[in-house]
Amino acid sequence: MLTIGCHLSSSKGYFAMGKEAVKIDANTFQFFTRNPRGTRAKAMNPEDVNRYLDFARDHGIERILAHAPYTLNACSPNEGLRSLARDTMKDDLDRMEYTPGNCYNFHPGSHVGQGTEAGICFISDMLNQVLTPQQHTTVLLETMSGKGSEVGREFEELKEILDRVEQKDHMGVCLDTCHVWDGGYDIVGDLDGVLNRFDRVIGLHKLKAIHLNDSQNPLGAHKDRHAKIGEGFIGFEALKRITVHPALKDLPFYLETPNDLSGYAKEIAMMRESV
């Protein structure tokens, strides 16, 4: 069965997100751990979490994905911003222990002129400070489109980070279809070739989640502009092939398209009908 969901607002808590997911026929979902453009986080509500866990078990919701705020930049040239990123991720991972066994995704960051190698060192250093052998959450590096000085456009850059992390069993990758397309990977005309390259460089066993998005831009644009499913340059047929590909079909898929809840419901129905 296709595991698919969308990005939901966490403002009303876990139980509300679970109910919204079921309402639109989703069996997973993604959410921001805190204000996506800031650093403030709501206090955890154990009663709400327990209600959600019971609800999720009863309704087959699994493998939810937490997303770090966009303000988290682990490779900033500013030491204060790097410390903020480290403290934010540590706090997020502590909070994730309320819902063990899930994943936490973050954008590797932008090196802002220091160079990719320096950025990779800062990112891996932060991960080595916050990851612990005892944690029950897998941390995912997201593939990026390569706009500005982003780290993570090329699979090789993600591999360098993963190679430097000590707690390798707690690390993985989230592949964003819009990002890799905008980054220059032809998932429309050569999906097998892209996945073979990912496997050679990183290993498909490290791929834990897919952000399923169309793109407003042509291949290699490096702009990162998500489009609704079937309304961009990637197209419905190519995205459908991704959800049924033997190497990917058992992964969870998360929609981040520019939609409201009813729009997400339509896209989930489209993708379910295609498998």
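This is a predicted model: local features need pLDDT of at least 70, side-chain atom pairs count only at pLDDT 80 or more; totals for chains, interfaces and linings use all residues.
A residue is described as buried when its relative accessible area is under 20%, as exposed when the value is over 50%, and as partly exposed in between.

Salt bridges were considered first. A search of the whole structure identifies 14 salt bridges. One of them joins aspartate 91 to arginine 34, with a separation of 2.6 Å between the closest N and O atoms. The two partners come from distant parts of the chain, 57 residues apart: aspartate 91 belongs to helix α3 (residues 79-96), whereas arginine 34 sits in the loop between β2 (30-32) and α2 (46-59). Aspartate 91 has a relative accessible area of 32% and is therefore partly exposed. Arginine 34, in contrast, has a relative accessible area of 9%, so this residue is classed as buried.

A second salt bridge is formed between the side chains of aspartate 94 and lysine 90, with an N to O distance of 3.5 Å. Both residues are located in helix α3, where 4 residues, or about one turn of the helix, separate them. Aspartate 94 is partly exposed because its relative accessibility is 43%. Lysine 90, at 44% relative accessibility, is likewise counted as partly exposed.

Glutamate 156 and arginine 197 also form a salt bridge, in which the closest N and O atoms are 3.2 Å apart. Glutamate 156 is part of helix α5 (residues 155-164) and arginine 197 is part of helix α7 (residues 191-201), so the pair ties together parts that lie 41 residues apart in sequence. The relative accessible area of glutamate 156 is 30%, which means that this residue is partly exposed. Arginine 197 is also counted as partly exposed, at 29% relative accessibility.

Glutamate 267 is buried but has no salt bridge, and the nearest side chain of opposite charge, that of lysine 228, is 6.8 Å away. A salt bridge would require a side-chain nitrogen of Lys or Arg within 4 Å of a carboxyl oxygen of Asp or Glu. When residues up to four places away in sequence are not counted, glutamate 267 touches Lys228, Ile229, Leu255, Thr257 and Asn259.

Strand β1 was examined next. In this strand (residues 3-6), Thr3 and Gly5 point one way while Ile4 and Cys6 point the other way, and all are buried. Strand β1 pairs with strand β10 (residues 252-255) in the parallel sense, over 4 bridges. Within this pairing, threonine 3 stands opposite proline 252 of β10.

The cysteines were considered last. A disulfide is a covalent bond between the sulfur atoms of two cysteines. The structure contains 0 disulfides. For cysteine 6, the closest cysteine sulfur is that of cysteine 174, at 14 Å, which is too far for a bond. Cysteine 6 is buried because its relative accessible area is 1%. Cysteine 75 likewise takes part in no disulfide, and the nearest cysteine sulfur, in cysteine 121, is 11 Å away. With a relative accessibility of 0%, cysteine 75 is counted as buried.

Key
Residues are numbered from 1 along each chain as its sequence is written. Side-chain values use heavy atoms; hydrogens and water are left out. Helices (H or I, at least four residues) and strands (E, at least two) are DSSP runs, numbered from the N terminus. Buried means under 20% relative accessible area, exposed over 50%, partly exposed in between (1.4 Å probe, protein chains only). Lys and Arg count as positive and Asp and Glu as negative; His and the chain ends are not counted. Contact means heavy atoms within 4.5 Å. Two strands pair if DSSP finds at least two bridges between them. A disulfide is a pair of cysteine sulfur atoms within 2.5 Å.
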